[in-house]
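Thank you all for coming; I would like to walk you through one model today. Please have the sequence and the structure open while I talk.

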Amino acid sequence: DRSGYECWLRYSYIDDDISRDAYLKRCSRIALIGESALIESARAELKLALTSMLGAKPLEIGISEDGPAIVAGTFDSLQGLGLGSFVEAADIAELGNEGYIVLASEDGRVYLLAETDKGVLYAVFHLIRMMQTGEDIETASVREFPRNSLRMINHWDNMDGSIERGYAGRSIFYRDSRFIEDLSRVRDYARLLASGGINAVSINNVNVHVQESKLITEEFLPDVAKVADIFRGYGIRLYLSVNFASPIEIGGLETADPLVPEVRRWWSGAAKEIYRHIPDFGGFVVKADSEFRPGPFTYGRNHADGANMLAEALEPYGGEVIWRCFVYNCLQDWRDRSTDRARAAYDHFMPLDGTFRDNVLLQIKNGPMDFQVREPVSPLLGGLTRTNQLLELQITQEYTGQQRHLCYLVPQWKEILEFDTYAQGEHSTVSEVASGRLFGRKRGGLAAVGNIGDDMNWTGHILAQANWYGYARLTWNPCLSSEQISREWIRMTFGQDMGTEGIILKMLSDSHRIYEAYTAPLGVGWMVNPGHHYGPNVDGYEYSKWGTYHYADRYGIGVDRTVRSGTGYAGQYHSPQSDLYESPERCPDELLLFFHHVSYTHVLKSGKTVIQHIYDSHFNGADQAVDLVAQWDSIKEKIDEGIYLQVRERLLHQAEHAGEWRDIVNTYFYRKSGIADDYDRLIY
Ligand code: GCU
């Protein structure tokens, strides 16, 4: 059953005669100028899409032939072909080296123009998307350029084929500690990424084990180079996660101290080798001094020493270092109320602001903890002002249902991107911080942990493809609304039927709130089974060393992170956000337990007590999860049977599992607090 393999590049035949004829008028002939790998990708994609959507193979013509056609190329390559006025009129400079124009002209042509071949490829994908979503191309006049220069996906793939936090099968890159020979799946992956505008990918887990440490050596570089070639054809640069202790583990040195000349020479040598194989290699992703990974702390050095040493090695070749800020004490004593995992990234990295080299980016998780269904935005974003920043999101649904539950994350990501850090007064949104614009920095963007594997449908849950697509679209343009992204994705994936679109749109839009409702309440997070993180376990992490507490007792629940009486975390934000979080009255309900320890009878802004909120949200959330099945069933006839069945099976599981969450959470708090439900519902 290949259902779902094509994802949003399905290119279904347009059976509406009027629309098809309209497209055919301009699209039955094509002229693409250039021979680069990027132009070849553009040509292949355009032919595939047109043939499949319009039922006729387009004719390739020479650029000088007159008449209706799609004409694609760079401004340079098209110069002197009488395109004249409208090309000049366009503000080419603003487009940069990834932007493009899609323009219909009066003589029946559609021009796809850009500064670079990469821009031309993006323009081709744009035109295809217009046709997939039923837009008129007769009057097309589009100018697009990305708001973020780095638009990245991180793979947590290991060379044995497993994927850390992967919920959709095994790796598409590796099997049995080697690269998979047949890379056709990687090519399709690259197509999907490029169609959304992703331009960077790291292909191995941030936890770099023995075998993966060798990816930067002669043993594997020829294979890495083959993968890089494929990605290059789609405008995507390849990065590798590296082991900070490599000089010891694969270099035979006795130290990995970043200030020792021998170590620096070793990394320079390694960089030289890498670039010999991959001239446009992107750089290193590094998880250091975090969760038992080696790092500069061993030698009494700091993160800047470590990152700058690697950056210096890559600098001559134009590479960069992406240094992760997920650093905290994972051996915490719960009685020590002054240590707070939420504070850690800020405490570690703020003192180093301004000391990182220009080709270093700090990659910061969206929240201070770890991709929970609800967390505040990390105060490090907008805390740092003199350092390149990269916002890290998680597409793979580690804590949000592991692709067995429907949880569409675009609404959450939009909230994060729109969060006002007040770093430079009002309108200092995370989106402006991450892009680098707020502080006038050239480097910046978004990275996210991918959610795909070798499952035939890539993501396990077919509706989880929307998270992947949505992430890519947001990296290109964070201003797109969640609704617009959803509608695009639905049309491209399921075709254009208003009824179907309405139902799936509603399912997607509600799903994050639903998931939040039946899992951990009011921003407190966790409450999952330790290790694999799936399924309810209120005390799963309460009596462990990871620093992820809820402190529920018979009187109340929540973590006091105020400056006045708690860990002081709330003070890491700029005002007025810090004031808002500091106050139990003003703190948004959804984050109350993240910032405050309150009694079960504390009255929320919603007018409910905390305990009644827990009961109500869990009963409602679980009911809504059941209703998702009914909504999906209502469009059964409109959907490809394979896809219908696959999704249905997941929704049924979710409905049942949401009931388990409801019961376990409700009974825990009933028995802890001794306070009955106002409505006397059955609590096991
Ligand atoms: C989470 C996740 C780990 C991962 C880590 C990270 O804690 O559970 O699997 O290694 O994040 O982001 O480094």
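This is a predicted model: local features need pLDDT of at least 70, side-chain atom pairs count only at pLDDT 80 or more; totals for chains, interfaces and linings use all residues.

Some of the individual distances deserve a look: a polar side-chain atom of E164 is placed 2.5 Å from an oxygen atom of the ligand, and for D370 a polar side-chain atom lies 2.7 Å from a ligand oxygen. R165 also takes part, with an N or O atom of its side chain 2.8 Å from an oxygen atom of the ligand. How much of the ligand's accessible area does the protein cover? On its own the ligand has 320 Å² of accessible area, and the protein covers 96% of that.

Let me turn now to the open sheet. Six strands form it, in the order β2-β1-β3-β5-β4-β6, and their pairing is mixed. At its edges stand β2, residues 59-60, and β6, residues 141-144, and because each has a single partner strand, one side of each is left without a neighbour in the sheet. The partner pair β4 and β6 runs antiparallel, with β4 covering residues 100-104 and four bridges joining the two strands; within this pairing, Y100 stands opposite E144 in β6. Lying across β1, β2 and β3 is helix α2, residues 37-54, which runs at about 170 degrees to β1.

The other sheet is a closed barrel of eight strands, which runs β7-β10-β11-β12-β13-β14-β15-β16 with parallel pairing. Its neighbouring strands are turned against each other by 25 degrees on average, if direction is ignored. As one example, β13, residues 320-324, and β14, residues 360-365, pair in the parallel sense over four bridges.

Finally, the backbone. Most residues other than glycine have a negative phi, and most peptide bonds are trans. Against that background, the peptide bond from S575 to P576 is cis, with omega near 5 degrees, and P576 lies in the loop between β17 and α19. C7, in the segment before α1, has a positive phi of about 55 degrees although it is not a glycine.

How values were computed: Residues are numbered from 1 along each chain as its sequence is written. Side-chain values use heavy atoms; hydrogens and water are left out. A polar contact is a pair of N or O atoms within 3.5 Å; within protein, one must be able to donate a hydrogen and the other to accept it, and residues adjacent in sequence count only if both atoms are side-chain atoms. Accessible areas come from the Shrake-Rupley method with a 1.4 Å probe; for residues, only the protein chains shown count as cover. Two strands pair if DSSP finds at least two bridges between them. Contact means heavy atoms within 4.5 Å. Axes are lines fitted to C-alpha atoms, for helices over the stretch in contact, and angles run from 0 to 180 degrees between N-to-C directions.
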